[in-house]
Amino acid sequence: VTNDGDFINNEFNDVYLVTTLDPIPLEAFTLQESEVSAVKYLSYDEYRSFLAKEDPEYTPFDVNGQYGQLFDIITQRYNQKAIDRSLALQKKIHRYASVTLKAELSGLSNGEREALLLVIEAAKVIDEIFYLQVWYNNPALRDWLKEHAASSELDKLKWIYYSINKSPWSCLDENEAFLTTADSAVKLLSKPAKQVNGWKGIEYKVAFPMQKPPGANFYPPDMEKEEFDLWKSSLSKDEQSEATGFFNVIKRKSQSSLDGASSIVSDESNNNNTVKPVHDLFIVPYSQEYRALLTKAAELLHKAGNSTSSPSLKRLLQSKAEAFLSNDYYDSDIAWMELDSKLDVTIGPYETYEDALFGYKATFEAFIGIRDDKATSQLKLFGDNLQVLEQNLPLDSVYKSLDVIAAPIRVIQLVYNAGDVKGPQTVAFNLPNDERIVKDRGTSMVILKNVSEAKFKHILQPIAAACISREQCGLVDFDSFFTHTICHECCHGIGPHTITLPNGQKSTVRLELQELHSALEEAKADIVGLWALKFLIDQDLLPKTLVKSMYVSFLAGCFRSVRFGLEEAHGKGQALQFNWLFEKGALVLHDDETFSVDFTKVEGAVESLSREILTIQAKGDKPAARSLINRYCKMTDPLKSALQRLENIQVPVDIAPIFPIADLVSE
């Protein structure tokens, strides 16, 4: 798009690499004789040498420029031996500790047990939707890999690691592709344009992008941000809200051609012809885009709702089923916040991490667990003090909210999850993300206690032993880790959400910070959570013995989360916090390459970073957010040193949960 949106250039200069099982017969090619005199097969090394020498017989391409990527891709794709790939995949898989997660079901009534199995079936349907949301051909790739998993040891490892990531891109490696088109499904084009005797057609490998699409499958794969913004500016205010909303995808009217993207329209009001874009984008609600799957999930939720005697669970399941078909999630999210049931269910579209283009679109997920009544009753303190925390935030008073609502907190033992639960597993979540509900009713928190316990045992304790100084290592304990997790989720519910811009316009932090919002929000919840713990301790609401252990447990947690990678919101947010605190002298690196907390400096450093992030959010200041992230979201030498130590002793990065209850549910 050029000339301030007045002209869209539809000319292509693309190179397509097609991987066929057998050579296409030369007779099948139709030549444009004015430009091409012949085609032939030759090795890619030979072809590259001809281009490098600028041989006049061949169409010229600069092999030292972008076209040279073609040869790099082919080399990488076909020169790696199967045994080397198997070893590399084994190493990646071993970064996840397999952990069996279950809970005591004896407290459930017969109706709740029946509902549990039906909800798990619905969650499996939700899983199908998420695969489709990540990338349009993801379900076909998944089915192909699963079908061929028993063909060889390498195929088995491909399937295992794909199942962890739910895509061909590795969550722990900055979304680097761990598969290639050579691993992909085979399709047959049985009716090529030009028939050749004895040739059944083109059998080819279904390609996928080596770089994970930033817009996932929420937008046309060829759409750039500028085109979306140009289209959005042509919409009414209500249409703009819908275009940037959580629960729809953006599509092209002309999927097969860009020719309709714009046209010249004569302006009758003057003598000049002006260009008015006729836009090619349009909105499709989730209820329409995923109709067949959502209808199936809704039927299962209705059945589950009819099985339970719990009024609040019945209301949640039936309202969520209705939301799947209406695309209006407001009432069902209120029902989720008011859930008071031994069987705890979270299901629907919530998080926006997968939309790396804008952070607008929500992915489907499901978390099913059994409420831990004892642990839940112990946490009322945090929800009851949110307004007090809001009023004392390190933030100018003009930006503080006067009507923060106490956040209900539920602690559960997770028995099943599905959908957007790829790669590193969450230990808690604070929902909903819909700013309308946050403003009207606040948020609610769910803490996954058995997930937290598994991570502490398999990951955080070994990290502390390797990276924390001997004098402070003993301060890392589960209570501090778990308490900060709770406070992290609480702090998603305080601070700026709906904001007023300098021009007086109302907006939200998410809309203003766009793709930077997720990382900054995770950093905010983490660092403000640490500030909030110290505040509650100073108010004698938590024991003073927690002070040192919470800071040192947080430090160990930094190394845990940064290992998720800097393409992931939590990893990026954690790098920001670590590097800020290290720069301020609050974290100290010793000669033996272990770290410790300087208790004389950490409180001030935590407060200063909290103020920085909260102020950026309050102002909706995207340039300041970008500057902060660019400066501090880096893999600095101290971080590299710690991560290398953990790599050397092979501490798992995260857990891969196994849910025995899934075996009770038919596929």
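Modeller: The sulfur of Cys491 lies 4.8 Å from the closest cysteine sulfur, which belongs to Cys487, and this is too far for a bond, a disulfide being a pair of cysteine sulfur atoms within 2.5 Å. Cys491 is buried, with a relative accessible area of 0%, and Cys487 is buried as well, also at 0%, where buried means under 20% relative accessible area, exposed over 50% and partly exposed in between (1.4 Å probe, protein chains only). A search of the whole structure finds zero disulfides. This is a predicted model, in which local features need pLDDT of at least 70 and side-chain atom pairs count only at pLDDT 80 or more, while totals for chains, interfaces and linings use all residues. Residues are numbered from 1 along each chain as its sequence is written, and side-chain values use heavy atoms, with hydrogens and water left out.

Turning to charged contacts, the whole structure holds 38 salt bridges, each a side-chain nitrogen of Lys or Arg within 4 Å of a carboxyl oxygen of Asp or Glu. One of them joins Lys91 to Glu647, with the closest N and O atoms 3.5 Å apart; because Lys91 lies in helix H3 (residues 82-93) and Glu647 in helix H26 (residues 637-648), the pair ties together parts 556 residues apart in sequence, helices being DSSP runs (H or I, at least four residues) numbered from the N terminus. Lys91 is exposed, at 52% relative accessible area, whereas Glu647 is partly exposed at 36%. Lys166 and Asp127 also meet in a salt bridge, at 2.4 Å from N to O, and both of these residues are buried.

Conventions:
Helix = DSSP H or I, 4+ residues; strand = E, 2+ residues; numbered from the N terminus.
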